[in-house]
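Q: I should like to learn how to read the features of a protein model one at a time. May we begin with charged pairs and proceed from there?

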Amino acid sequence: MELKNVKVLTIVSDDFDDLELWYPILRLQEEGATVDIAGEKKNHTYLGKYGLSVESNQSFSELDISDYDGILIPGGWAPDYLRRLEPVLEFVKYMDENNKVIGQICHAGWVLSSADILKGRHVTSTPGIKHDLMHAGAHWVNEAAVADDNLISGRRPPDLPVYLPLLIKALKDRKTADLNRTPNLEQR
């Protein structure tokens, strides 16, 4: 339970990639993290591109992004829609500006590209969007997963076993760093 007291938001819309949504949620929960699922509507069932569904427990309009230690963006076709939503772009910008973990895999790089946070960053994605990320200023590499400070990127569903350990480590490292910054009132 290395991620106890860590809170992660995953964003969703229809046509998300089923594995890229569910595999990270389950792994983070196994590590003790709380994972909230947000969509445009609260308590709405969203359908993945291969038939799995997920129900949102938050809406974009009601959540406070500062409550979260990380954000996950699954791939599929959902990122092409999510990148058009101003609240989603604001969430990603906030997380980047505050050095909180951003996890993205496959087509999710589209959201980061639209949020304009990729200049000078090393990322991977499905090769089909590599030029989009490069035109946004990223250094794209064809690797299973890449960690660039708070930004963790994965290429495709088969790379989830490489992507998730990097994501978990980033969340754990930031939790440890936050604990080390918290003043110990007993020493005063």
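Predicted model: local features only at pLDDT ≥ 70, side-chain atom pairs only at ≥ 80, totals over all residues.

Q: Which parts of the chain does the pair of Lys42 and Glu62 tie together?

A: Lys42 lies in the loop between strand 2 (34-39) and strand 3 (45-47), and Glu62 in the loop between strand 5 (58-59) and strand 6 (70-73), so the bridge ties together parts that are 20 residues apart in sequence. Lys42 is partly exposed, with a relative accessible area of 42%. Glu62 also counts as partly exposed, at 42% relative accessibility.

Q: How many salt bridges does the structure hold?

A: The structure holds 12 salt bridges. One of them joins Asp96 to Arg121, with the closest N and O atoms 3.0 Å apart. This pair links distant parts of the chain: Asp96 is in helix 3 (residues 86-97), and Arg121 is in the loop between helix 4 (109-114) and strand 8 (122-123), 25 residues apart. Arg121 counts as buried, at 12% relative accessibility. Another bridge joins Asp116 to Lys119, the closest N and O atoms being 2.3 Å apart. In that pair Asp116 is partly exposed at 47%, while Lys119 is exposed at 54%.

Q: How should I read helix 1, and which of its residues are buried?

A: An α-helix has 3.6 residues a turn, so residues three or four places apart point the same way. The buried residues of helix 1 are Asp18, Glu20, Leu21, Pro24, Ile25 and Leu28. Its length can be checked as well: at 1.5 Å a residue, the 13 residues of helix 1 (residues 18-30) should span 18 Å, and the end C-alpha atoms are 18 Å apart, which agrees. At the start of helix 1, a side-chain oxygen of Asp17 comes within 3.1 Å of the backbone nitrogen of Leu19. Just after the helix, Gly32 takes a positive phi of about 100°.

Q: Which residues have the most contacts inside the largest nonpolar core?

A: In soluble globular proteins, nonpolar side chains tend to be buried together. Here the largest nonpolar core has 58 residues, and Leu28, Leu112, Tyr163 and Leu167 have the most contacts inside it. Helix 6 (residues 160-181) supplies the largest share of this core, seven residues. Among the residues that Leu112 touches are Ile73, Val92 and Leu151.

Q: How do strand 10 and strand 11 run, and how many bridges join them?

A: Strand 10 (residues 145-148) and strand 11 (residues 151-154) run antiparallel and are joined by four bridges. Ala147 has Ile152 in strand 11 as its bridge partner. The hairpin has two residues between the strands, and Asp149 takes a positive phi near 55° there.

Technical notes: Residues numbered from 1 in each chain as written. Heavy atoms only, no water. Expected span 1.5 Å × (residues − 1). Buried < 20%, exposed > 50% of the residue type's maximum accessible area, 1.4 Å probe, protein only. Polar contact = N/O pair within 3.5 Å; in protein donor to acceptor, adjacent residues only side chain to side chain. Pairing = 2+ DSSP bridges. Core = buried A, V, L, I, M, F, W, Y, C linked by side-chain atoms within 4.5 Å. Contact = heavy atoms within 4.5 Å. Salt bridge = Lys/Arg side-chain N within 4 Å of Asp/Glu carboxyl O.
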